[in-house]
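Thank you all for coming; I would like to walk you slowly through one structure today, beginning with a strand and its partners. Please have a look at the model while I talk.

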Amino acid sequence: MTHSSPFLSNDALLEQLRAAEPTLWCNPDYAPQRDDEAQAGLQQAVENWRMLAPLLQLIFPELEDTAGTITSDLIEVDALRAPLGYLDRTFGRLFVKADHALPVAGSVKARGGIYEVLMTAVNEARSSGFIAPTDPVSALTGAAAHSFFAERTIAVGSTGNLGLSVGIAARTLGYNAVVHMSADAKPWKIERLRRFGVKVKQHRGDYNLAVSAARDAASKDPMVYFVDDEDSELLFSGYSAAALELASQLIEAGINIGPDCPLFLYLPCGIGGAPGGIAYGARGVFGSNVHCFFAEPVQSPSAMVQMMHGLEKPMSVYDIGLTNKTEADGMAVATMSHIVAQKMQQRLAGVYTVGDDDLMRLLSIAYGAANLKLEPSATIGFAGPHFMLETAQGQAFSSQHLTPKAMENAIHVVWTTGGSFVPELQFQSFVDKGNALAPQFDLKKG
Ligand SMILES: Cc1ncc(COP(=O)(O)O)c(C=O)c1O
């Protein structure tokens, strides 16, 4: 089934997508509203994170200062407005939610991967009687706990960053860890994992193939727990708690999100778990006043392809002739998660795509003007305000969903999802690549 869009017809959008041109799709089923289910889900996630905090504080010394919480800064980035072309006051205010600098894993995946590993550790320790249900989770450190976990394995499929967060958390507790990686995984991520004692299995195929190979291998051994990125409620839940953190940072900054001061979140999307979880939590906190957009590379728009076509059958980027090849390894995913697609059906405002050259331009600008160290995937959110304000689709979206003039007060939050752990030489090569390109953004052409 295809939807009839009040904006561009799906056929016209599909043609643009097939041609790998930057595209904004606004969701015709979008229903921004108060969301009790999302609020309850978010509350549960926040309580679980609180329960885990004493254990996190013990196993990761870098979390001592934050009492075992994994948080990132919210930074207003005025220095980026001119180089991005967002100086006009109609662009509202521009912020970065700096998950690229998250402790332990250096990416947004810390929020999902570490949560799922620790929740699993607590569940396994309780269900096997290693600790009593009333024992504090801080009992899961020390030699006996280490030996208990060493009899078990945690496995995951990953383009890189999920593997890092799951692998590091699992090894730190004492588990064996196996990470199945896609062909496009960056060598530095593989090396880093091996340094932590994680077993890395590289596959020739793409990400979805690595995940299914990992699932198959795990299903044969009852002592292996598989973190299933295509189908994990726990990962999704872990990410969702970020929305409450953002809400308190906005309040601290004196910003009251409401109908006249709407919040826009621009979320890099691969399989959909991280952006979906955050968008879900945000709907729970901000109700109808938040608008979440997923952002994807022009060759890997898995969420756009799926959401445009409805949820009856899985759709991949290969089905419309795209290659799934991108420098943005975290987003090199051909088919999105079905459970995320379901949860986003009415909650997601839309999806846009950006080409790799523009990602490199954004990376160089973010570093040169604001000293942000991002990996290519993590830069894509900076294109969000352009799509909202400078395209006919974006303007139609505002007329439909915002009160007049609200856009001028909008708070644009670019979720920068990874990069602080990228080795210096690799990072410099990204910056050089961006600087060597002609300055004109491809997405602003035409
Ligand atoms: C830096 C970065 N950003 C965004 C994503 C997308 O997250 P998800 O695959 O959960 O949609 C990833 C995934 O690995 C990533 O590494």
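In strand 11, Val414 is the bridge partner of Val96, and Val413 is the bridge partner of Leu265. Before I go further, this is a predicted model, in which local features need pLDDT of at least 70 and side-chain atom pairs count only at pLDDT 80 or more, while totals for chains, interfaces and linings use all residues. Residues are numbered from 1 along each chain as its sequence is written, and side-chain values use heavy atoms, with hydrogens and water left out.

Helices (H or I, at least four residues) and strands (E, at least two) are DSSP runs, numbered from the N terminus, and two strands pair if DSSP finds at least two bridges between them. Strand 3, residues 93–97, pairs with strand 11 in the parallel sense over five bridges, and strand 8, residues 263–268, runs parallel to strand 11 and is joined to it by four bridges.

How buried is strand 11 itself? Buried here means under 20% relative accessible area, exposed means over 50%, and partly exposed is in between, with a 1.4 Å probe and protein chains only. Five of the five residues of strand 11, residues 411–415, are buried, so this strand is largely enclosed by the rest of the structure. In a regular strand the side chains alternate between the two faces of the sheet. Here Ile411, Val413 and Trp415 are buried on one side, and His412 and Val414 are buried on the other, so that both faces are covered.

Let me turn to the aromatic rings. Rings of Phe, Tyr and Trp (for Trp, its six-membered ring) pair if their centres lie within 6.5 Å, and planes under 30 degrees apart count as stacked, over 60 as edge-to-face and the rest as tilted. By this rule there are 15 aromatic pairs. One of them joins Trp49 and Tyr115, whose ring centres are 5.1 Å apart with the planes at 45 degrees, so the pair is tilted. Because Trp49 lies in helix 2 (residues 36–59) and Tyr115 in helix 4 (residues 109–127), this pair ties together parts that are 66 residues apart in sequence. Trp49 counts as buried at 14% relative accessibility, and Tyr115 is buried with a relative accessible area of 0%.

Another pair, Phe293 and Phe397, is edge-to-face, at 5.3 Å centre to centre and 70 degrees between the planes. Phe293 is in strand 9 (residues 290–297) and Phe397 in helix 16 (residues 392–401), 104 residues apart, so that distant parts of the chain are linked.

Finally, the ligand. There are 16 residues around the ligand, and Lys109, Asn161, Gly270, Gly272 and Thr417 come nearest, where a residue is near a molecule or strand if one of its heavy atoms lies within 4 Å of it. An N or O atom in the side chain of Lys109 is 2.7 Å from an oxygen atom of the ligand. From the backbone, an N or O atom of Gly270 lies 2.7 Å from a ligand oxygen atom, and a backbone N or O atom of Gly272 also lies 2.7 Å from an oxygen atom of the ligand.

Definitions and conventions. Polar contact = N/O pair within 3.5 Å; in protein donor to acceptor, adjacent residues only side chain to side chain.
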